[in-house]
Amino acid sequence: RGERYVGTWHDDHKHGQGIVVTQSGICYQRTFHAGKMVGSGILLLEDDSVYEGNFMEDLTFVGKGKLSFANGFILEGTFTNKSGQGLQTQGILNTSNEQLDDRITKVQLGLAEFPVEKRWKGIYDQFLEFIHSGCKEETEESFTGFHIQTSKELRKSQEYLFCQRGAEDASWKTEDILEELVQHQDLASLHCYLDKALKSSLHPLGKLLRALMIAFQATYSGIGANRHLLTMAQEEVKYYAKKIWEFYQGLLCLALEQKGQLPTKCVDGEVNDQKACSIVLPLILPCFYPELFMLYMLYHEREDDLYCQGIVDLSLFPDIKLLEFLDVQKHLWPLKDLTLTTNQRRSLVKDKCFLSATECLQKLITTVDPREKLVILQKTYEEIESTVSRVVEKDYKLPMDDLLPLLMYVVSRAKIQHLGAEIHLIRDLMDPTNQGGLYDFLLTALE
């Protein structure tokens, strides 16, 4: 029926918890038994209404249930659907709007039912077996042969990725891999090594990444691009980084043991998570970014639409009017930048003030790495500060009261279309060690 099912299976039947995304954008979560729906579930409709209760295969409500409308009204009762008479209900309608909150539009499915640790165990377990076997090549085929039965295109691309024998310069024989691993343990050389390994279709870590890419695309692209699955997807990408870091360490321990060296004692989980986030996540994020950012855009669509309307309104203002409107103090206005041609009035000139900062902020959409996006934000801040210092003819450190209206000016002139989605992606995927520092402060100011 052109639907997508994400969940657990048994004997080629949906069995256990599952999420279904339909072609029309409706999304629901149910328990299945041998392919049939059992018990009650959650049904998310296109207009942001949420139904909790029992419903049929054709998505008609039946029996006891609760329908929460997008305007905050709640209808609880017993639903019946007689042919020709439409939906009928007997119950209570609450119009108090007390429960109107983000819960209705922001419902995220699958978090309790599919904890991130339980997803794609088939891929991870095979890889673990490969490491435990001493990296024997015959066990490698099991995790590289991970197949998606329903999609010929994905299967073709997968076979292409896994069968490029001899297409790369590097030799990735198991003994060479283990030999080279030991030589790259300081941070800079480790970064280069992992980058090379993950880009290779012959290195075990590269093969693992490709299997995870296929799983991710099959789950979240196309019909699966549904805003109610954003948190699932975002959690998953972070977990991939964690697992790849764990497997790298497993391979390193094996390499050291084979050389007769004792591997250093394992560091605690928190340090491991930090390493995964700071080293591996930036390397793998480009592989998952198109699907992930699409989910962020869908999730923050309403806020971004409102924001875009505001930007359109502000773009009508010439520079001086906009600086005035945003309450920027007059002694900070870079009026020297407004060079006039004949028949021009200074008060009508547009897009000349803080041009360097505006162009800098526009680069935010040219990179996928949250760390690089934060660096761009810092450079934008520095450009604003240097322009102000030039205007007042001395070094000027911007207090928050001055920074905020100037940042609003630059943001309105930069006209970045999905800024809300960008900000939330940075916030969710940035290195935790940046929290509470300058980057965090600037991101909050931008928010």
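How many helices and strands does the protein have? It has 16 helices and eight strands, where helices (H or I, at least four residues) and strands (E, at least two) are DSSP runs numbered from the N terminus.

**Before you start**

This is a predicted model, in which local features need pLDDT of at least 70 and side-chain atom pairs count only at pLDDT 80 or more, while totals for chains, interfaces and linings use all residues. Residues are numbered from 1 along each chain as its sequence is written, and side-chain values use heavy atoms, with hydrogens and water left out.

**Stop 1: colour by confidence**

Colour by pLDDT, the predictor's confidence in each residue, from 0 to 100. The average over the protein is 83, and 86% of the residues score at least 70. Now select residues 147–152: pLDDT stays under 50 here, and the model has ten contacts for this stretch beyond four places in sequence, a contact being heavy atoms within 4.5 Å. Then go to residues 158–170, where the pLDDT is below 50 and the model shows 22 contacts beyond near neighbours in sequence.

**Stop 2: the sheet**

Next, show the strands. They form an open sheet of eight, in the order E1-E2-E3-E4-E5-E6-E7-E8, with antiparallel pairing; two strands pair if DSSP finds at least two bridges between them. At the edges are E1 (4–10) and E8 (86–94), each pairing on one side only. Neighbouring strands are turned by 15 degrees against each other on average, direction ignored; the axes are lines fitted to C-alpha atoms, and angles run from 0 to 180 degrees between N-to-C directions.

Zoom in on E1 and E2 (residues 13–21), an antiparallel pair with six bridges. Gly7 stands opposite Gly18 in E2. Two residues separate the strands of this hairpin, and Asp11 in the turn has a positive phi of about 50 degrees.

Follow E2 onward to E3 (residues 27–33): this antiparallel pair also has six bridges, and Ile19 has Gln29 in E3 as its bridge partner. Here the hairpin has five residues between the strands, and Gly25 takes a positive phi near 95 degrees.

Then select E4 (residues 36–44) with E5 (residues 50–55), which pair in the antiparallel sense over four bridges. Ile42 has Glu52 in E5 as its bridge partner.

**Stop 3: helix H7**

Select residues 204–220. The end C-alpha atoms of H7 are 24 Å apart, which agrees with the 24 Å that its 17 residues should span at 1.5 Å a residue; the expected span is 1.5 Å times one less than the number of residues. Because 15 of those 17 residues are buried, H7 is largely enclosed by the rest of the structure. Buried means under 20% relative accessible area, exposed over 50%, and partly exposed in between (1.4 Å probe, protein chains only). After H7 comes Gly222, with a positive phi near 60 degrees.

**Stop 4**

Most residues other than glycine have a negative phi. Which values do Trp120 and Glu393 take? Phi of Trp120 is near 60 degrees, a positive value; find this residue in the loop between H1 (102–105) and H2 (121–132), partly exposed at 26% relative accessibility. Phi of Glu393 is also positive, near 60 degrees. Glu393 lies in the loop between H13 (370–392) and H14 (400–414) and is exposed, with a relative accessible area of 67%.

**Last stop: cysteines**

The structure holds zero disulfides, a disulfide being a pair of cysteine sulfur atoms within 2.5 Å. Select Cys192, which is exposed at 54% relative accessible area, and then Cys253, which is partly exposed at 23%.
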